[in-house]
Amino acid sequence: MITSALPAALPTPERADESITAWALAARGGDPDAVDRFVRALHRDVLRYVAHLCGDPQAADDLAQDTFLRALGSLHRFEGRSSARSWLLAIARRAVVDSYRHAGSRPRSCDAVDWRVAVERAQPCGLPGFDDGIALLDLLAALPDERREAFVLTQLLGLPYAEAARIGGCPIGTLRSRVARARATLIDLLAAAA
């Protein structure tokens, strides 16, 4: 007998968030299996979010790890008043901000005359989609920080506007405005490039 590899009904995003929040609460109680499920469920979202916020794919893994270390260290304070995803992405945002502060307080060193050229040459160029990925990163980098964050949270990570506004620390109307302006800017930039 052949059975389907997919469940009969895929969970809705709300049900998935409920499960993730339940795992976080169980992990808070000391369940190691719940810790593993919580981390696995949100690792990809955190990685994508910090990669877009910091603009440095090489630093994204370290920032995601820092986010989970911070979250697991303060899991005892998580009460489940918001979804665990919102709570974790807010921690990720603070981890990126703290990394900027830390980097700004340190002198930068580079042996190459132009470090940007050295970085570009170190990147693999023959991979499919590489040029498209660079173009997308350049377009996103052209957006102001607040608009880029709002766009990434809602359009790339698929968070509801209310949750993204809570993570971004702004009213929902402001977040909607930032997303709309980010879209308009991206459309204008694409039209200018064509």
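The secondary structure of this chain comes to nine helices and zero strands, where helices (H or I, at least four residues) and strands (E, at least two) are DSSP runs numbered from the N terminus. Along the sequence, the pattern reads α-α-α-α-α-α-α-α-α. The model is predicted: local features need pLDDT of at least 70 and side-chain atom pairs count only at pLDDT 80 or more, while totals for chains, interfaces and linings use all residues. Residues are numbered from 1 along each chain as its sequence is written, and side-chain values use heavy atoms, with hydrogens and water left out.

**The chain as a whole**

- Of the 194 residues in the chain, 30% are buried; buried means under 20% relative accessible area, exposed over 50%, and partly exposed in between (1.4 Å probe, protein chains only).
- Among the contacts with a separation of 6 or more, 65% come from residues 24 or more positions apart; contact means heavy atoms within 4.5 Å.

**Helix H4**

- Helix H4 covers residues 84-104.
- The 21 residues of H4 should span 30 Å at 1.5 Å a residue, and the end C-alpha atoms are 30 Å apart, which agrees; the expected span is 1.5 Å times one less than the number of residues in the helix.
- The buried residues of H4 are Ala84, Arg85, Ser86, Trp87, Leu88, Leu89, Ala90, Ile91, Ala92, Ala95 and Val96.

**The packing of H4 against H8**

- Two packed helices are described by the angle between their axes and the distance between the axes.
- The axes of H4 and helix H8 (residues 161-168) come within 9 Å and cross at roughly 35°; axes are lines fitted to C-alpha atoms, for helices over the stretch in contact, and angles run from 0 to 180 degrees between N-to-C directions.
- The crossing of H4 and H8 is right-handed: a crossing is right-handed if the near helix is turned clockwise from the far one by less than a right angle, and left-handed if anticlockwise.
- On the H4 side, Arg85, Ser86, Leu89, Ala90 and Arg93 meet Glu163, Arg166, Ile167 and Gly168 of H8.
- The residues of this contact divide into three nonpolar, two polar and four charged; Ala, Val, Leu, Ile, Met, Phe, Trp, Tyr, Cys and Pro count as nonpolar, Asp, Glu, Lys and Arg as charged, and the others, Gly among them, as polar.
- Within H8, the residues Glu163, Ala164, Ala165, Ile167 and Gly168 are buried.

- Glycine 169 is in the loop between H8 and helix H9 (172-193).
- At this position, just after H8, glycine 169 takes a positive phi of about 70°.
- Glycine 169 counts as exposed, at 68% relative accessibility.
- Although glycine 169 and alanine 90 are 79 residues apart along the chain, their C-alpha atoms are separated by 8.9 Å.

**Salt bridges**

- Side chains of opposite charge can pair when their charged atoms come close.
- A salt bridge is a side-chain nitrogen of Lys or Arg within 4 Å of a carboxyl oxygen of Asp or Glu, and by this rule the count comes to ten.
- Glutamate 149 pairs with arginine 93, with the closest N and O atoms 2.5 Å apart.
- This pair links distant parts of the chain, 56 residues apart: glutamate 149 is in helix H7 (residues 145-156) and arginine 93 in H4.
- Glutamate 149 is buried, at 7% relative accessibility, whereas arginine 93 is partly exposed, at 27%.
- Aspartate 98 forms a salt bridge with arginine 101, the closest N and O atoms being 3.4 Å apart.
- Both aspartate 98 and arginine 101 lie in H4, three residues apart, about one turn of the helix.
- Salt bridges that share partners join Asp66, Arg70, Asp98 and Arg101 into one network.
- Arginine 81 and glutamate 79 also form a salt bridge, with closest N and O atoms 3.4 Å apart; arginine 81 is exposed at 75% relative accessible area, and glutamate 79 is exposed at 52%.

- Phenylalanine 38 is in helix H2 (residues 32-54) and is buried, with a relative accessible area of 0%.
- Not counting residues up to four places away in sequence, phenylalanine 38 touches Ile20, Trp23, Ala24, Leu72, Ala84, Trp87 and Leu88.
- Phenylalanine 38 and alanine 84 are 46 residues apart in sequence and 8.7 Å apart in space, C-alpha to C-alpha.
- Threonine 21 lies in helix H1 (residues 13-28) and is buried, with a relative accessible area of 10%.
- Leaving aside neighbours within four places in sequence, threonine 21 is in contact with Phe78, Gly80, Ser82, Ser83 and Ala84.
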